[in-house]
Amino acid sequence: MSSIVQGVTKSLAMTVLSEIGDKTFFSAAILAMRYPRRLVLAGCLSALIVMTILSAVVGWAAPNLISRKWTHHITTFLFLGFGLLSLKDAIFGDGDEEELAEVEAKLNADLKPSSGSTKNNSKADDDLKKERRPFLFQFFSPIFLKAFSINFFGEWGDKSQLATIGLAADENPFGVVLGGIAGQALCTVLAVVGGKSLASQISEKIVALSGGILFIVFGIQSFLSPVE
């Protein structure tokens with residue numbers, strides 16, 4: 001097992017470069033413009049923390065299910081593959097504005113039905129709806145749950161989640177969790193505080209290029225390091 005410091009450093013750098021300009025980043029920025037920031041921040045960050053811990057647990061358990069040699073090779077392949085894909089997105093990608101517009105349009109489509117149906121309801125109907133709210137809505141704000149679900153399912157199967165699994169299989173999983181949470185917190189706070197204006201100014205091509213180079217460096221390092 002490598003040191004915790006190395007796991008924290010790699011996970012922090014990978015998370016920041018993977019999440020800034022990502023769809024979950026844009027989602028948090030747009031939601032923060034429409035709802036209370038503290039609820040959006042709590043929901044988004046909770047989802048990403050849960051996803052980071054789950055991914056690290058899967059990565060930690062993988063060498064116990066598959067030989068460490070194979071997990072090491074799979075991790076190397078993932079890093080190199082993600083690096084090449086990120087470089088491809090940086091060179092041939094459609095640009096930041098299109099992805100931001102796509103996320104905003106999807107959120108608008110999800111919000112329109114719920115906002116349009118509540119305008120004509122009376123106060124008695126609203127009270128009745130509160131009594132019949134789902135179990136989770138009685139303990140958590142609907143805004144919190146909306147932000148949580150959008151980010152959790154948006155991150156599921158994402159490049160950063162798979163990279164976290166691979167990193168936890170090859171590095172100290174506790175360090176990977178700490179670095180991942182720190183990176184997620186930094187990106188989410190930037191998205192919520194900066195809002196859409198900050199999100200629109202971030203160059204996704206530069207972020208993708210930097211992330212691609214970092215993934216390739218991790219892949220080369222993993223390839224050259226001996227299997228313990």
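**Close-up 1. Isoleucine 66 in the loop between two helices.** In this predicted model, isoleucine 66 is found in the loop that joins α3 (37–65) to α4 (68–92). Because its relative accessibility is 40%, isoleucine 66 is classed as partly exposed, a class that lies between buried, under 20%, and exposed, over 50%. Together with Leu65, Trp70 and Ile74, Ile66 makes a nonpolar surface patch of about 460 Å².

**Close-up 2. Helix α7 and its buried residues.** Helix α7 is made of the 14 residues 142–155, and at 1.5 Å a residue these should span 20 Å, which agrees with the 20 Å that lie between its end C-alpha atoms. The buried residues of α7 are Phe144, Leu145, Ala147, Asn151, Phe152 and Glu155. When α7 is seen down its axis, these buried residues fall within an arc of 165°, and they therefore line one face of the helix. After α7 comes glycine 157, which has a positive phi, near 75°.

Close-up 3. Serine 18 has its place in helix α1, which covers residues 4–19. With a relative accessibility of 11%, serine 18 counts as buried, because the cut-off for that class is under 20%. From this position in α1, the side chain of serine 18 reaches the backbone oxygen of methionine 14 at 2.7 Å.

Methods
Residues numbered from 1 in each chain as written. Predicted model: local features only at pLDDT ≥ 70, side-chain atom pairs only at ≥ 80, totals over all residues. Heavy atoms only, no water. Patch = residues over 30% accessible without salt bridge, like charges linked within 9 Å, V, L, I, M, F, W, Y side chains within 5 Å. Areas by Shrake-Rupley, 256 points an atom, 1.4 Å probe, with all protein chains shown as cover. Salt bridge = Lys/Arg side-chain N within 4 Å of Asp/Glu carboxyl O. Helix = DSSP H or I, 4+ residues; strand = E, 2+ residues; numbered from the N terminus. Buried < 20%, exposed > 50% of the residue type's maximum accessible area, 1.4 Å probe, protein only. Expected span 1.5 Å × (residues − 1). Arc of directions from axis to C-beta. Polar contact = N/O pair within 3.5 Å; in protein donor to acceptor, adjacent residues only side chain to side chain.
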